[in-house]
Amino acid sequence: MTLLLDDVTLTYPDGDGRLTALDRVGLSVPAGNLTAVVGPSGSGKSSLLAVAATLVTPDSGRVVVDGVDVGRLGSGDKAALRRDRIGIVFQQANLLPSLTAAEQLEVMAHMAGRPRGAARTRALELLDAVGLAGQAGRRPHQLSGGQRQRVNIARALMNEPAVLLVDEPTSALDHERGAAVLELLLRLTRERGTATVLVTHDRTHLDSADHAVTMVDGRLAEAAVH
Ligand code: ADP
Ligand code: MG
C-alpha cells in the first residue's frame, strides 16, 4: 500500500479541552489509484491531508508513505520524505508571480538538488501532460484560473511523488472545468502510478474515483455511489 493511515486520531487545542479533528481514521491507497473524499466543511478533510502530507503529527495511529513509517522519522527526514515522495496541491495555486510556468516546476527540482537540464526537460514534459504545452513561458497573471491550477498539479508531480494529495482543486472553477481537472487527475494517477487522495466538494466526482469515502465529524465511512 503506497499510502496507509491506520487508526489515526488528531486533536487540536480548543478552549479548555480538545477538538477531535480525526477520529480513528483508517485509509489505504494503492499506487495508481484515486480515492475521493467528500464531507461537510469542518469535518476534517484538510486535516486528513495534512496528516498524510506529514505536515501534522497525529496524537495516535500510524502513517506509512511509500513503505516508510512516518512516526519513526525525525523532522529532517520527514521534510526530505515530503519533498521527494509527496506531491501536494492546495486549493489556492500559490504560484510565484514573477516566474514562468516552466520555472514554477523547475524550482521544485532545484530544491531537491536535481540537475538543471533534466529539470527543464521534465517541466516541459509535465506541462505538456497537463495540456499547457504552449504556455511554458507564461507568468501566472497571463494564465486563467484553470490553467494556474494545472500548473499547480504539474508542479506537485515534478519530483515523481509516490503520493499525490489534492485539496478541493476545483472549488474556484465552474462545473465543466472542474470535471476536466478531475479527468486530468485520474489520467495522471494512472500514468504516473501515484496513490492519489482528492478532497472534493463535488459529489459527482465520486463516480469516477476508484474508491469514495465520506468524512463526518472526523470519522471516515464508505461513500454511497450511485
Ligand atoms: P475540512 O477541511 O473538512 O473543512 P478541517 O480539517 O479544516 O476540515 O477542520 C476540521 C476541524 O478542525 C474543524 O472544526 C476546524 O475548525 C478544526 N481545525 C482545523 N485546523 C485547526 C488548527 N490548526 N487549530 C485548531 N483547530 C483546527
Ligand atoms: Mg478543508
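Reader: Which strands does helix α1 lie across, and at about how many degrees does it run to β1?
Author: Keep in mind that this is a predicted model. Helix α1 covers residues 45-52. It lies across β1, β2 and β4, and its direction relative to β1 is about 120 degrees.

Reader: OK, and in what order do the four strands of the open sheet come?
Author: The pairing in this sheet is antiparallel. β2 (17-29) and β5 (68-69) each have a single partner strand, so they stand at the edges, and one side of each is left without a neighbour in the sheet. Reading across, the order is β2-β1-β4-β5.

Reader: Asp 23 forms a salt bridge with which residue, and how far apart in sequence are the parts it ties together?
Author: The whole structure has 13 salt bridges. In this one, the closest N and O atoms of Asp 23 and Arg 219 are 2.7 Å apart, within the 4 Å cut-off. Asp 23 lies in strand β2 and Arg 219 in strand β10 (residues 219-222), so the pair links parts separated in sequence by 196 residues.

Reader: What volume does the largest pocket have, and which residues are closest to its centre?
Author: Its volume is about 360 Å³. The lining has 16 residues, and by class they are eight nonpolar, five polar and three charged. The closest to the centre are Ile 86, Ile 88, Met 108, Arg 155 and Ala 156.

Key: Residues numbered from 1 in each chain as written. Chains lettered and ligands numbered in written order. Predicted model: local features only at pLDDT ≥ 70, side-chain atom pairs only at ≥ 80, totals over all residues. Heavy atoms only, no water. 1 Å grid on protein atoms, 1.4 Å probe; cavity = no way out; pocket = protein on both sides within 12 Å on 5 of 7 lines; lining within 4 Å. Points joined across faces, edges and corners; volume = space filled by probe spheres on them. Nonpolar A, V, L, I, M, F, W, Y, C, P; charged D, E, K, R; others polar. Pairing = 2+ DSSP bridges. Helix = DSSP H or I, 4+ residues; strand = E, 2+ residues; numbered from the N terminus. Contact = heavy atoms within 4.5 Å. Axes fitted to C-alpha atoms, helices over the stretch in contact; angles between N-to-C directions. Salt bridge = Lys/Arg side-chain N within 4 Å of Asp/Glu carboxyl O.
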